[in-house]
Amino acid sequence: MMPYQMAFWLCGILMVLAAGMYFSRKPVLVKYLPFPRELGTVLGLFGLWQVAGQLSVMKVDGALSRGKWIWDTERDLFLPSEHWVQGLFFPAHPTVVKFFNLYYASMHFTCMIIFLIWLFVRHREHYARARTTMAMATAFALAIQLVPVAPPRMIAEANLTDTALYFHQSVYGAMDANSPDQLSAMPSVHVIWAVLVGYTVWRVSPSKWRWIGPLHTVLTVTVVLVTANHYWADGIVGVALLLLSAGIQAGVRRGARWIRSGRVASAALTEPELARSSG
């Protein structure tokens, strides 16, 4: 997984490059300006997501108790046990679990970058809406993650195995009071991004390969549960934030259309008056 320091450095470089392309006023550079600008935006969000736990307003205090509360509430709501999901693969299928660990560590950011480039190049008319929805939902998630929540692999009552640690594939360092980066379980940004990718690819692509989008969504949800990095509730809240972000955008667009239509109607009403006064 790319460290947040590198993400921020690359974000800064790309934004400076975008600014230089803009102020150059050269048509060929201005034409391709959105590429560094948009990639820089995503890298910035990725870096912020990684440091969200380190900026927790309460550090590690209460993270375990909040995680246990989520675990107990899920059982009260009769949600499928994360332990049952993990048991479908671990320890019987170690190769599959190792693949899941790698997928969790590497494909979250990689798939989003590929998706945004594909959408920008092939379906530009859908790009701005998807990018803004992703940015808004991620910002909401980062705000919530300021309150640390321990992932299910840290909850003793859950009796789950930290599969990445078990196979020596963990992307996290030692957890202490000064490095709560592992305590950003709620909500799951992995699920937020994967659901957005899956839905958008299936909706806008006419290709027979569009099933790859929903497959990434299903695989990501499975991966975060099997690796014990997230609860069901993390994904559910993530999807709710995604819907909220899309709803806010839709409301803003309707409001903008209403304002524009009102201005057009007002202009149409004043034209006869101007004609009479000029006559």
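I started with helix H6 (residues 94-122) and helix H7 (residues 124-144), whose axes come within 6 Å and cross at roughly 145 degrees. I noted that the model is a predicted one. The crossing of H6 past H7 is left-handed.

Next I looked up which residues make this contact. From H6 they are Met112, Phe115, Leu116, Leu119, Phe120 and Arg122. From H7 they are Arg124, His126, Tyr127, Ala130 and Met134. I sorted the residues in the contact of H6 with H7 by class and got eight nonpolar, one polar and two charged.

I then turned to helix H1 and checked its length. H1 covers residues 4-24, and at 1.5 Å a residue its 21 residues should span 30 Å.

Which residues of H1 are buried? I found Ala7, Cys11, Leu14, Ala18 and Met21. Looking down the axis of H1, I saw these buried residues fall within an arc of 95 degrees, so they line one face of the helix. Trp9, Ile13, Val16 and Phe23 are exposed on the other side of H1. After H1 comes Arg25, and I noted that its phi is positive, near 65 degrees.

Last, I went over the whole chain. I listed eleven helices and zero strands. The chain has 279 residues, and 41% of them count as buried. I also looked at contacts between residues at least 6 apart in sequence: 82% of these join residues at least 24 apart.

Technical notes. Residues numbered from 1 in each chain as written. Predicted model: local features only at pLDDT ≥ 70, side-chain atom pairs only at ≥ 80, totals over all residues. Heavy atoms only, no water. Helix = DSSP H or I, 4+ residues; strand = E, 2+ residues; numbered from the N terminus. Expected span 1.5 Å × (residues − 1). Buried < 20%, exposed > 50% of the residue type's maximum accessible area, 1.4 Å probe, protein only. Arc of directions from axis to C-beta. Axes fitted to C-alpha atoms, helices over the stretch in contact; angles between N-to-C directions. Left-handed = near helix turned anticlockwise from the far one by under 90°. Contact = heavy atoms within 4.5 Å. Nonpolar A, V, L, I, M, F, W, Y, C, P; charged D, E, K, R; others polar.
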